[in-house]
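User: I would like to learn how to read the features of a structure, one by one. Please give me the general idea each time, then the case at hand.

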Amino acid sequence: MGNAVLRREDPDLLTGEARYVGDMTPPSTVHVVFVRSVMAHARIASVDAEAARSAPGVVGVYTAADVPIAPQQLFTMLPPELTRLPLTDKARYVGDAIAAVVAESRAAAVDAAELVEVDYDPLPAVTDPFEALEPDAPVVIEAHGSNQAIVFASTADPDAMSGHDEVVTARFVNHRMSGAPIEPSAALAAPANGDRGAAVTLWCTSQRPHEVRDMVAAALEAPPQEVRVIAPAVGGGFGPKAVVYPEFIMVTWLARRLGRPVKWVETRSENLVNMSQGRDHVHDVELGLSADGTFRWIRINVTANVGAYPAIGAILPSYTMLMASGPYRIPAVHYEAAAAITNTTPVGAFRGAGRPEATVTLERIIDLAAGKLGIDPAELRRRNLLAPTDFPLTTPTGANMDCGEYARALELALETAGYDELRAEQARRRAGGSRKLLGIGVSSYVEVTAGGLFNEFGSVTVELDGTITARVGTASHGQGHATAFSQVLGEVLGVPAEQVRVIHSDTGEVPRGTGTVASRSLQIGGSAVFAAANEVLETARRLAAGLLEADRGDIVVAPGGLAVAGVPARTVSWADLAAAAASDDLPAGVEPGGLAAETDFNQGGASYPFGAHVSVVEIDADTGDSRVLRHVAVDDCGRILNPLLVQGQVHGGVATGISQALYEETTYGSDGNPRNTNFADYAIPAASELPRFETAHTETPTPLNPLGAKGVGESGTIGSTPAVQSAVLDALAPLGIDHLDMPFTPQRVWRAIAAAEHSAFGASAD
C-alpha cells in the first residue's frame, strides 16, 4: 500500500473487452422504448396505442393502467405519500414516462412509439422554487398537499448572533447541472431459470446493485433473492446512477411477464431530461465579522429546487447544513432550508451532493467580506481556519469532525501556486490597462465522506489453487476498486495482484452491500477487505504452525505463502494452506469451511477530507471568454493507498468543478420545457478547455479505520468550483462588478463588463 500501481481495470476498458449493458443482447431479446411527456404538468386524458400495437415487430404497448405495480415511496426519510408509478397517469415533468412500447428491434420500438397518441389535459406548471412554495401554487403531487417536501433547521441562540462590527449580505445561486455520464442509463432483464435462486436477472447501470435489487423486488412483490442484479462495466456514475429508476422496475416486470429478455438503453436526449440532476440551490447569506476579520456568526437560508419526484435530492440540504461552517471557526450558525417540489426533472446526488453548495456559498461570502474589510482573501481565511488542536470537534450544525490540518493545506496551495508572484503580475496588468484581465481565486474546504453509510461487507477466500478471491459490497464504475483492494490484500497476505480476483457489483455473488456513493469505498469497503484478510492470515498462521511444526508467533508472510521467521526455506504455499483448511484434521482454533473470512466493517462515523485550491483565470474583456490558466489542487484524503488512483479522482473532480463554474447549466422555460437536451446546447468542456492540473497532497490519517483513509472522489469538485468562481470575480472586481452567478459563460461575463464600462463612461461624462 502507498505505491503508484497501474490500474488493473484499464486493459479491458481500452481494448473493448469490458462489457457494458449496451453491449449485451441475449437471444430472443426484445427492446423497450418509453413514450415520454412533452408537457411539464398535465393529466393524461387518454393514450391511443392501437396504431402502435399494429405496427411491424411490436410485441406490446403498456400504459399505467396495464401495469399492476403499486406506487413506490420515493425515499424513506420523506413523507410516505410522496410516491411514483413506473408509468404515470399524470405528467409532472417533461420526460415523465407515460407508455412503454416493446418490439423485436429497437428501430421497430422507436417507430411504433411515434404512433402512440397522448391526449393531455394541461395543468399550470411551476419551475421556480420560490413560486412553488407560495400558498396558491399548483401542487405537483396532490396527495402530499403542498410543494414543500421537507425542511431542515439548525437554529442559533439570538444572543450568539452578535459581537460583530460588520455584516456582509448576499444571495447566491448554485445552478442546476446534469450528471451527463458518458454512458446513459441502461437496463437488461432476463428470466434467470432459478440461477443462484433468482427468477430474473437485471443488468443495469448502477452504483448500488443491492439497493436496486431490494427496490425492484419490493415493487414486484417478490423476495429479494428472486432478483439478481449485476452492474457490469459502468461508464461513469457521479451520483445520478445511485438512483433506482422506474425504467429498471418496468424492464424487470416486462421480462417476467413476457418470459423473454427485455432491453432498454437511454438516448442522450432522454438522459438530459430523465436522469436525475444536481445542485439547484438558492442561498441567502449573512456573515457577521469583527473589524479584524474574525468570524462571529453566519446565517444561511436555503431554497432548494428538488424537481418533480423528490428523493435523495430533498435530503441533500441537510448535508449543506452539516458543512455550513466549513473549515472555519464560526461560533454560531443559523441554518434553515426548504426543499421545493417543481415541474422539472428530479434532483438527486451529483458529485459532492450538498457539500459543493455549502462550500461555494461560504467561500463567496468570505471573498465579499475580504473586499469589504480590505483584507487579502487568503489572509482572511488563514485567520479563521480551525487548528489541528481543535480536533476532534462537533460543529454548531452537528458535524463530528475527526481530524484536520487546514492551514497546512492552504499554505501548500499558496506556495505551489506562487501566490505573491501572481498578485504582483496581476498588479502589473491592471496598472498597464491590459484587456486580458487576470484573476486569482482561493478556496479552503472540508467535506464529509461516508456520511450515514458506515457499514460494508467484505470477504476473503484462499482458493485451493492458491489464488485469493475477495468479495466486497461496493460497486466500481471507474474508481479502480480491483486495483486498490488487490493492494490491500498484497499488503496483508503478500500476494501479487495477478493472484487476486475481486468480485463486486453482483448480488448473486456478494450477499449484501451498500454500494459506491459518498466517497466511501476505500475507507469502508477497503477496511472490510483488510479486516477479512487479517482474519484469514490469523487462521493461516495456525495452520502453518502445525504444518511447519513451529510456534504460531514465529509464522510470517513470505513470498508465495507463510514461513518461519528467519528460516525462508521453511515455507508453506497458499495452496497448501487452503488444502489444509479443507481437510478433516484441523488444529485448535480453526473452524471448518476452508481458509476464508467475512466481515461487516463498521466505521462508526463519517470522515472529513479537506484541502485548498488556487485557480488562475484570464478573461478577454472584449469577448467575455474566461479561461483557467492554472489550477492548483491540494487535497487531503488521509493516508494515500495509491497516488495514481487519487490523482485520477482529483483530476476528474476538478474538471467537473471547473465545468460548473464556466460551462454547464441545465435550464427550463417558465412552462417547464427544458432548453438544453443535447450536447449542442448543454456545454461539456473538452480537454482543450482545461489546463493541466497541478496536484499536491497532505496526509492526515483518520483514526476511524485501520487504513487511515478518507474519501477523495468528490473533493476535487468541492474545492475547485469556488476557487474558479473567486478567480473570475477577482478579475472583474476593478470594474466594480461585485458579484455574478455561475456559470461564467462568455455572454454573461461580456454583458457584465459592457454594463460596467458603460456605467463608468456615463459617470465620467457627467
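User: How many helices and strands are there in the protein chain?

Analyst: This is a predicted model. The protein chain has 18 helices and 30 strands.

User: What does the radius of gyration say about the protein chain?

Analyst: Compare the value with that of a compact globule of 766 residues, which would be near 27 Å. The protein chain has 28 Å, so the two agree. Along the principal axes, the C-alpha atoms fill a box of roughly 100 × 75 × 50 Å.

User: Which share of the contacts in the protein chain joins residues 24 or more positions apart?

Analyst: Take the contacts with a separation of 6 or more. Residues 24 or more positions apart account for 80% of them.

User: And charge? How many positive and negative side chains are there?

Analyst: The protein chain carries 56 positive and 91 negative side chains. The centres of the two sets lie 2 Å apart.

User: Next, aromatic rings. How is a pair of rings described?

Analyst: By the distance of the centres and the angle of the planes. In this model the count comes to 7 aromatic pairs. One of them is Tyr62 with Trp253. Their ring centres are 5.7 Å apart and the planes stand at 90 degrees, so the pair is edge-to-face.

User: Which parts of the chain does the pair of Tyr62 and Trp253 tie together?

Analyst: Tyr62 lies in strand S3 (residues 58-63), and Trp253 lies in helix H6 (residues 246-258). The pair therefore ties together parts that are 191 residues apart in sequence.

User: Are Tyr62 and Trp253 buried or exposed?

Analyst: Tyr62 has a relative accessible area of 8% and is buried. Trp253 is buried as well, at 10%.

User: What kind of aromatic pair do Tyr93 and Tyr309 form?

Analyst: An edge-to-face pair. The distance is 6.2 Å centre to centre, with 80 degrees between the planes. Tyr93 lies in the loop between strand S6 (90-91) and strand S7 (97-103). Tyr309 sits in the loop between strand S16 (295-307) and helix H8 (312-322). The pair thus links parts that are 216 residues apart in sequence. Tyr93 is buried at 0% relative accessibility, and Tyr309 is buried at 3%.

User: Which residues do ring pairs link into a cluster?

Analyst: Phe391, Tyr406 and Phe610. Phe391 has a further feature: a cis peptide bond joins Phe391 and Pro392.

User: How should I read cis peptide bonds and positive phi values?

Analyst: Most peptide bonds are trans, and most residues other than glycine have a negative phi. Now the cis cases. For the bond between Phe391 and Pro392, omega is about -5 degrees. Pro392 is in the loop between helix H10 (377-384) and strand S18 (393-394). Met742 and Pro743 are also joined by a cis peptide bond, with omega about -5 degrees. Pro743 is in the loop between helix H17 (715-732) and helix H18 (746-765).

User: Where is Ala353 found, and what is its phi?

Analyst: Ala353 has a positive phi, near 45 degrees. The residue is in the loop between strand S17 (332-341) and helix H9 (355-373). Ala353 counts as buried, at 7% relative accessibility.

User: What is the phi of Ser519?

Analyst: About 50 degrees, a positive value in a residue that is not a glycine. Ser519 is placed in the loop between strand S23 (500-503) and helix H14 (521-548). Ser519 is buried, with a relative accessible area of 14%.

User: Last, loop contacts. Which residues does Val244 touch, leaving out those up to four places away in sequence?

Analyst: Val244 touches Glu211, Val212 and Met215. Its place is in the loop between strand S13 (227-230) and H6. Val244 is buried, at 14% relative accessible area.

User: Where is Ser185, and is it buried or exposed?

Analyst: Ser185 is in the loop between strand S10 (166-178) and strand S11 (186-191). Ser185 is buried, with a relative accessible area of 1%. Beyond four places in sequence, Ser185 touches residues including Thr205, Tyr245 and Trp264.

Technical notes
Residues are numbered from 1 along each chain as its sequence is written. This is a predicted model: local features need pLDDT of at least 70, side-chain atom pairs count only at pLDDT 80 or more; totals for chains, interfaces and linings use all residues. Side-chain values use heavy atoms; hydrogens and water are left out. Helices (H or I, at least four residues) and strands (E, at least two) are DSSP runs, numbered from the N terminus. The radius of gyration is taken over C-alpha atoms; the globule rule is 2.2 Å times the number of residues to the power 0.38. Contact means heavy atoms within 4.5 Å. Lys and Arg count as positive and Asp and Glu as negative; His and the chain ends are not counted. The place of a charge is taken as NZ of Lys, CZ of Arg, CG of Asp or CD of Glu. Rings of Phe, Tyr and Trp (its six-membered ring) pair if their centres lie within 6.5 Å; planes under 30 degrees apart count as stacked, over 60 as edge-to-face and the rest as tilted. Buried means under 20% relative accessible area, exposed over 50%, partly exposed in between (1.4 Å probe, protein chains only).
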